[in-house]
Amino acid sequence: MTENHSNSDSDSRNSSKRLVKILVIVGIGIPVLVELMTLFNLINVQIFDDEEVQEQPEPVAEVRQVTEGDTLFRDYRFPVTIELLRINVSAQEWRFELGLSVPDSVDREPLEIELDSMQLNSGKILAAGRNRSWNIQEGHTPPRIQAEWELPNGDIPGTLYISSFQQMQNDTASRVQQEVPLGNIPVRYNRE
Amino acid sequence: MLIINMPDETSHSTDANSNSTEPAKSWEQRNPEIEREITIDEYQPTGTLTLTLLYFAIVVLMWIFMYFVEFAGNAPSIID
Amino acid sequence: MTFLHQYPKAAKVAKANFIVAFIALAIGGLFGFIQALHRTDVFRGFFNSGEYYTLLTGHGVLLALIFTTFFIAGLFVWGVTRSLDREPENMTFTWSWFWLMTIGLIMTAVTILGGLVPDSSIRAAVLYTFYPPLQAHPAFYIGLALVIVASWMAGADWFWSYNKWRKNHPDERIPILTFMALFTMMMWYVCTIGVAVEVVGLLIPWSLGWVTEIEPLLPRTLFWYFGHAVVYFWLLPAYYVWYAILPKLSGGRLFSDAMTRIVFVIFLLLSTPVGYHHQYADPGISVGFKFYAMATTMLLLLPSLMTLFTVVASMEHGARQRGGKGYLKWIGKLPWDSPAFVGCALAGIMFAAGGFSGMINASMNINLLIHNTIWVPGHFHLTVGTAVALTFMAISYWLIPQLTGRKLKFKTLALIQPYAWFLGMTLMSNAMHRAGLAGVPRRTAEPQYSGFEFEPIFGTMAEMDWQIAIGGTILTISLILFLWVITASWMGGEKSDRPVDDYIPEPLSGAEHTPKILDNMKLWFALAIILVLLAYSFPLWEMISDGIFEPGALPRPS
Ligand code: HEM
Ligand SMILES: [Cu+2]
C-alpha cells in the first residue's frame, strides 16, 4: 500500500483514503465513544446518584432460605429437621438426596409426612411420585427418613412442597402444607 | 551456564553485511514518502511530551476518582 | 534480496515456528469465540457447560502459552540471524528444538482435546494455570515440560550464534535485535526454573500417582514465580517489534538505543521477583512479602513508561519526517493505511489502556475488589490478547513476505483486520471490566445464580453480556481475516526479490552513545538471580516451616 505512486493509481489512492477514513471512524471512533460513555456513566453514578444509593437498602421482605440443619413445621407439635440435603453427582447421574428426622418424643402420635412436589430452578415442577409419604407410628419407626430423586442433569431443586398430617389430641387430623424455599444445596462429586 | 559451546560444524558466517551498513544515500533520501530528514539535533519530541502529559493526567484523574469510589465514598469497600 | 534469499535455512525454521503458532491461534481463537457466546448465554449449543473448562484450558494454553512461544521463537530466529548476519550454527540442533517443542505441544493439545471426546479418559481441564487441586493426564504435564526444555535449547542456540559472532567482532556492541532477544531469554531462564520445578518435581509424580498429597500453596507459588515473568516473556517480543521495527514503519528511526537497552535490563532484573502479586488472596504468605511484591510491581511501571516515551517519540520522528506538524496534528501523518503499522500502533494504544486496569490489579487492597472476576480477563485481553497478539499479527504482514519471498495479498482485508480487532476488543474488554466490577466471576460457564442478581454499577447484565458476545464475534471475524490474508499470501502471493522494504535504519541516538556496561550480560544475569533469591527465599522458608511438606497437617500459627 505504501509502494504505489504512479498516476494511474490515483483513483485507488483516493478510494483507499476513503477506506482509511471509514476505518478510523469505526475502528477508533466507536471505541473512544464507548470508553467515554463508560467514564461518564461511572462519574455520573458516583457523584450524582449518591443519595439514591443510600436509599437502596429498602426493606425487601427477605425469604429465609432453608438449608441443611433447619427445622420445618417449627410452630407445630412435631417439627421436622432436615438432616441431609445434597446433590450427588457421578458420571452417570445427578441425584438429589433429602433426609428428614423427627425428634423423639414420648407422646408421639401417628404422624404422616408427605412430599407433594418440588420445583426445580429450571422452572420444571416434579410431582414426587410413589412412595413419597411416610407414616411415623408410635414407637416403632425410625425417626429418620431418607429419599432420593434422579433429576435432569444440572438442575437444582428450588422449592419443596411438604405437608404433614398432624394428629391432634382431640382426634382430629390437620394437614399443614409448607412451602420450603431451599438455599444452597451442596453438590458432591462421586469419583469412581 | 547458559552459553553452550559446541564444535562448529556447519557454521555459515558470511561477510556480506548488506543489512547493517548504511548505503551511500540515507534511508530517508531513498524513501519517497519522506519529505525531509530530521537529525537528532533538530528533533524536538514535543508531541510525545504532550501525549505523555495527557496520559499522566488521565492516570492521576482516575486515581483520584478511584480514591473517592473506594475509600471516601459509600460504595462497598473491602474493609466492612 | 530479502531474508529468504540471504538466510534460507533460518527462514525455514522461522516459517515452521510461525505455522505452528498460527494453527494454535486459529484453534484457540475459535474456542474464545465459543466461550464468549456460552458464558453470556447468547448461545450454548456448541458444547455443554461441563466441557466449558476443556475449551477454556484449550484457549488459555494454545493462545497464551503455545501461540506466543512459537511466534517468539520464529521472531527471534529472524532477528538474531539477521542482526548477527549468520545462519544458525548447527541445523540439526536447531531443528531438534523445534521438533521437541512441537512434540510437547502435541502431547499437551491431545490431552486437552481428549476432554471433548465422549467417554475418553484422557482429560486436562486444568486451565492454563494448571496447579493443583485440578489434575490432568500425565501427558499434559510431560508435554509442557518438553516445550519448556525445547525453549531453553532455542535460547542456547541464539547464545551460541552470539558467541561465534563475538569471536569475529570482539569490540562491537551487541546488535540491538540480538541484545533484546538474549535479554528476553535470560529472563526466561530465570523464571522458567519455577515451572520446571513445579512440573517435574510435583505435578508429574502426582499425576502418575506416585505422590498422593500435595500442599497447594507450594505449586501455586512456584507457578506464579513463573506466571508474572511469563507475561513479560510475551510482552518483550512485542516491545522488540515496537522498538526495532515500528519506528521504521512510521517513517522514522528508533529514538534512542541506550533507552532500549536500559528497558530490557530492568525487565530482566524485575520481572520475576513480583510473582506474589498474583497471590494477594492466598493464605500462608505473609502480608509483608506481598507488599514487597507490590512495591516491585510499581517499579516495573517505570520501564513500561520509558517504552511509551521512546516508542511514541520514534513514531513522532517518523511523522515529522513525513511532514507532520504541531503538538498533536502530526499523528494524522502516520501511515494509517499500512496494516503492519496500524496493528502495532493500535496494539500500543490498547496496552496503555491496559496500564490503567493493571494498576488496579497491582494494588494489594483494591485487587480484592476484582480478584477472580471477569475484570481480570478484561485486563489481560488488552495486554497479551491485544498488545502482544495484535502486534504479532501485524508484524506478520511485514515478516511473512520476507520469509516466503512473496508479496502480501488482499491488502485491504489486511488493513481492515487490525481496526476490527481494536473495535472488537474494546467492546469485549470494556464489558468484561464492568461486569467484573459487579462481581461476575471469571472461568465460569454459567455465571447465573438462583435467588441472586448481580448489580451493575450502571447498565444491565443483559447489555454487558451482549457487548461481550458482539465484541467476541468481531474479534473472531478479525482473526479469520488475518488467517485468510496470511494463508493466501503464503500460498499464492506474487513472488518477488524484495516483497517488502525490509531495511531497518540505524537509531537516531545510536549505540555509540550507550554505556558499555549495559552489554555486560553476566553482571545483569547475576543481579537478577540475587533479586530473585531475596524475594523468594524468605517466603519459601516460611512456608516450609509452616509445614508445606506435610500436606494435610493442621496449620501452625506462625
Ligand atoms: C477471538 C478472540 C478472543 C476471544 C473471543 C476471547 C474470549 C475469551 C473469554 C470470553 C474468556 C473468559 C472465559 C472465562 O473466564 O470464563 C477468555 C479467557 C482467556 N483468554 Fe481469550 N479471547 C480471545 C483472544 C485471546 C488471545 C489472542 C489471547 C492471548 C494471546 C487470549 C488469552 C486468554 C486467556 C489466557 C484467558 C484465561 C483463561 C483462563 O481463565 O484459564 N484470548 N477469552
Ligand atoms: Cu503479574
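This is a predicted model: local features need pLDDT of at least 70, side-chain atom pairs count only at pLDDT 80 or more; totals for chains, interfaces and linings use all residues.
1. In chain B, buried residues account for 25% of the 80 residues, and the secondary structure of this chain consists of two helices and zero strands. The accessible surface of chain B comes to about 5700 Å², and carbon and sulfur atoms contribute 62% of that surface.

2. Turning to chain C, the iron atom of ligand 1 is coordinated by the NE2 atoms of H59(C) and H381(C), at 2.0 Å. The site of this iron atom is octahedral, with angles of 86 to 179° among its six donor atoms. Since H59(C) belongs to helix α3 (residues 52-84) and H381(C) to helix α14 (residues 375-404), both of chain C, the pair ties together parts that are 322 residues apart in sequence. H59(C) is buried, and H381(C) is buried as well.

3. The peptide bond that joins P132(C) and P133(C) is cis, with an omega of about 10°. As to its setting, P133(C) is found in the loop of chain C that runs between α4 (91-114) and α5 (138-168).

4. Two residues with positive phi deserve a look on the model. D85(C), a residue other than glycine, has a phi near 60°, and its place is in the loop between α3 and α4 of chain C. Because its relative accessibility is 7%, and buried means under 20%, D85(C) counts as buried.

5. N372(C) likewise is not a glycine, yet it has a positive phi of about 60°; this residue lies in the loop between α13 (364-370) and α14 of chain C.

6. How do the axes of helix α7 and helix α8 of chain C cross? The axes of α7 (residues 217-227) and α8 (residues 229-244) come within 4 Å and cross at roughly 20°. That angle makes α7(C) roughly parallel to α8(C), because angles under 35 degrees are counted in this way. In the contact between these two helices, Y225(C), F226(C) and G227(C) of α7(C) meet A229(C), V230(C) and V231(C) of α8(C).

Definitions and conventions
Residues are numbered from 1 along each chain as its sequence is written. Chains are lettered from A and ligands numbered from 1 in the order in which they are written. Side-chain values use heavy atoms; hydrogens and water are left out. Donors are N, O and S atoms within 2.8 Å of the metal (3.2 Å for Na, K and Ca); water is not among the atoms, so sites may look incomplete. Four donors count as tetrahedral if all angles lie between 85 and 135 degrees; four count as square planar and six as octahedral if opposite donors are over 155 degrees apart and all others between 65 and 115; anything else is irregular. Buried means under 20% relative accessible area, exposed over 50%, partly exposed in between (1.4 Å probe, protein chains only). Accessible areas come from the Shrake-Rupley method with a 1.4 Å probe; for residues, only the protein chains shown count as cover. Axes are lines fitted to C-alpha atoms, for helices over the stretch in contact, and angles run from 0 to 180 degrees between N-to-C directions. Angles under 35 degrees count as roughly parallel, over 145 as roughly antiparallel, 65 to 115 as roughly perpendicular and the rest as oblique. Contact means heavy atoms within 4.5 Å.
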